[in-house]
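Please examine the sequence and the model below before reading the report.

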Amino acid sequence: MDSVTVASVTHAEWIKFRTVRSTIVGYVVTVVLTLGLGALITSAIRGHWQTMEPLRKLTFDPVSTSLGGTLFAQFAVGVIGIMFITSEYSSGSIRTTLAATPRRVQVVVAKLIVLVSVTAVVAEVVVFAAFLMGQRIYEGVVPTASLASGAVLRSVILGGVYLTLLATLGFGLGLLLRQQSAAISVFTSLLLIVPIIVFVLPQSWQTSVTRYEPSSLGHAMMSVTPSLDMFGAWTATLVLASYVVCVVVLSTVTLVRRDA
Amino acid sequence: MIIVDHLTKRYGDTLAVNDLSFEVRPGVVTGFLGPNGSGKSTTMRVIMGLDAPSSGHVTINAQRYQELKAPLREVGALLDAKAVHPGRTARNHLLALAVSNRIPTSRVDEVLEFTGIASVADKKVGGYSLGMSQRLGIAGALLGDPPVLLFDEPVNGLDPEGIRWIRTFFRSLAVEGRTVFVSSHLMSEMAQSADEIVVIGRGRLITQGTVDELTASDAGSVLVRSADNAALRSVLEAAGNTVDTANDGTMTVRGASAEAIGQAALAAGVALTELTPQRASLEEVFMDLTADDVEYVSSLDATNHG
Ligand SMILES: Nc1ncnc2c1ncn2[C@@H]1O[C@H](COP(=O)(O)OP(=O)(O)OP(=O)(O)O)[C@@H](O)[C@H]1O
Ligand SMILES: [Mg+2]
């Protein structure tokens, strides 16, 4: 008898992923936010370039600014990841899923394969588009960057990686908390509230703690030359990836141990 | 064949299932009966490998659920009809299930057709009535053509036509040699659709047997009318039986079989005008059996019974 395999479960999860509207809406919002806000930010910079302080002009990064929309799109991809699993808990279909696939780790692996591959494709396409669009808007007034430069190419690629990691983080939180509203609260807290808490810490702590915040890591990943108090782009990627791995492993252990 | 062996399941302080043991045989419809909160759904979730037992174990055809290679081809279950993503269509829901267990996708159309929801298969499940959801749940259970089937309160929300359909359908599954395990809190329902019944109350086994055995067990009483009640009564009472005479001239005799009463009447020379063994209705048996084990008694009932 043909047995249940990661491949067959992945196929099933792919069907489930693409047949609900929240997934489609989530990706549309991701694209619109990344491109729309990217256009807005880059246009605003172009408009103010002449009056900008010389020091800011000196540290100006045409890459990370053109990818500024990802700071908003990160919530959209996070919610896609969260909904992919919490919708199973809210509807109760998780029981159908786990009855069909009693080796629960297979469910997690299958869902991750689907989520990561679809998000990676969408995110990479959209960050490259946002980059190219941004340079187009800067052209003639603001200094531009070219993908011919290795550091520029790296920053753009890591912009897509950042979004993919955050979608995965959302999934892990959703699996751990099993509830959409709780997972969204924690997810947004990590991105928005933690920086505020860090802001009230003593100055000496701030500099050492800030670089570990997910949003700072994202900024470092997308910067051609990350500032000195930040991690380097690759280190930042590793740190963020290790957060995600921790949450996913913890939530998988919980899934295997707890009653469905 | 499902074997539940000394199963205990606790949720924190709640003892949902308490040292429960029973077997569900293939070839018959087995009813799983108990008042609200008696642990039926919990037992079914443990059978399906969804909740882990606190102690004891459960096997399906001698295997633990987790060991099944393609579970949907071995066990089909309807646990909660509404447990489907409301934004997905029935067809896509079934398609994903089929694909996960490598069941040919042609089965999707077959079960949709069979359960009578083919015409709404491409509509979102969120808009389904409870009856339609039940049918979708049944379609999902049948997808892998499994030899063992579990249904938790499948009749909920079905119209009379649907109820008739489902009864004949359970019967036909059993006739094909499958193991069919159906829960309900309604005895009247079980009396009509089950061959064997497992009765639980507060998570404990109260009794297990065929519908005939259960209704006969409380029988013992025989309705008698005769030409000379007084004479017959004294003979029967002398033999150690209890006799109640009603105003309409019928006697209810306990302790003797119809045959013994007939013999006694013949010996006493009394002509019998009626001799009817009484069968307790399954409903009465159930009420009797579970009277002490009902968890949620309405306040009206509670005051009436003191
Ligand atoms: N996940 C859970 N957490 C805590 N308690 C639970 C859980 N599931 C069931 N229980 C409790 O266990 C007991 C048995 O519940 P169960 O749902 O198995 O009963 P049931 O026989 O299916 O009832 P019904 O006829 O109402 O469906 C109840 O007291 C219930 O409150
Ligand atoms: Mg129940």
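## Basis of the report

The model is predicted: local features need pLDDT of at least 70, side-chain atom pairs count only at pLDDT 80 or more, and totals for chains, interfaces and linings use all residues. Residues are numbered from 1 along each chain as its sequence is written, chains are lettered from A and ligands numbered from 1 in the order in which they are written, and side-chain values use heavy atoms, with hydrogens and water left out.

## Chain B as a whole

Chain B contains 12 helices and 13 strands. Helices (H or I, at least four residues) and strands (E, at least two) are DSSP runs, numbered from the N terminus. The C-alpha trace of chain B spans about 75 × 45 × 40 Å along its principal axes.

Of the 306 residues in chain B, 49% are buried. Buried means under 20% relative accessible area, exposed over 50%, and partly exposed in between, with a 1.4 Å probe and protein chains only. Among the contacts in chain B with a separation of 6 or more, 70% involve residues 24 or more positions apart. A contact means heavy atoms within 4.5 Å.

The shell around ligand 1 holds 14 residues, of which B:Gly37, B:Gly39, B:Lys40, B:Ser41 and B:Thr42 come nearest. A residue is near a molecule if one of its heavy atoms lies within 4 Å of it. Strand S2 (14-24) and helix H1 (40-47) of chain B each supply at least two residues of this shell, and H1(B) gives the most, with four residues. By type, the shell residues are four nonpolar, seven polar and three charged. Here Ala, Val, Leu, Ile, Met, Phe, Trp, Tyr, Cys and Pro count as nonpolar, Asp, Glu, Lys and Arg as charged, and the others, Gly among them, as polar.

Polar side-chain atoms of B:Lys40 and B:Asn36 lie close to oxygen atoms of ligand 1: the distance is 2.7 Å for B:Lys40 and 3.1 Å for B:Asn36. An N or O atom in the side chain of B:Arg45 is 3.1 Å from a nitrogen atom of ligand 1. On its own, ligand 1 has 640 Å² of accessible area, and the protein covers 66% of this.

## A buried strand in chain B

Strand S6 (residues 148-152) of chain B is largely enclosed by the rest of the structure, because five of its five residues are buried. In a regular strand the side chains alternate between the two faces of the sheet. Both faces of S6(B) are covered, with B:Val148, B:Leu150 and B:Asp152 buried on one side and B:Leu149 and B:Phe151 on the other.

S6(B) runs parallel to strand S5 (residues 75-78) of chain B, joined by four bridges, and parallel to strand S7 (residues 179-184) of chain B, joined by five bridges. Two strands pair if DSSP finds at least two bridges between them. B:Phe151 is the bridge partner of B:Leu78 and stands opposite B:Val182 in S7(B).

## Buried parts of chain A

Helix H11 (residues 214-222) of chain A is largely enclosed by the rest of the structure, because eight of its nine residues are buried. Among them are A:Leu217, A:Ala220 and A:Met221.

A:Thr119 lies in helix H7 (residues 104-138) of chain A, and at 1% relative accessibility A:Thr119 counts as buried. Not counting residues up to four places away in sequence, A:Thr119 touches A:Tyr27, A:Val77, A:Leu163, A:Thr164 and A:Ala167.

How values were computed:
A polar contact is a pair of N or O atoms within 3.5 Å; within protein, one must be able to donate a hydrogen and the other to accept it, and residues adjacent in sequence count only if both atoms are side-chain atoms. Accessible areas come from the Shrake-Rupley method with a 1.4 Å probe; for residues, only the protein chains shown count as cover.
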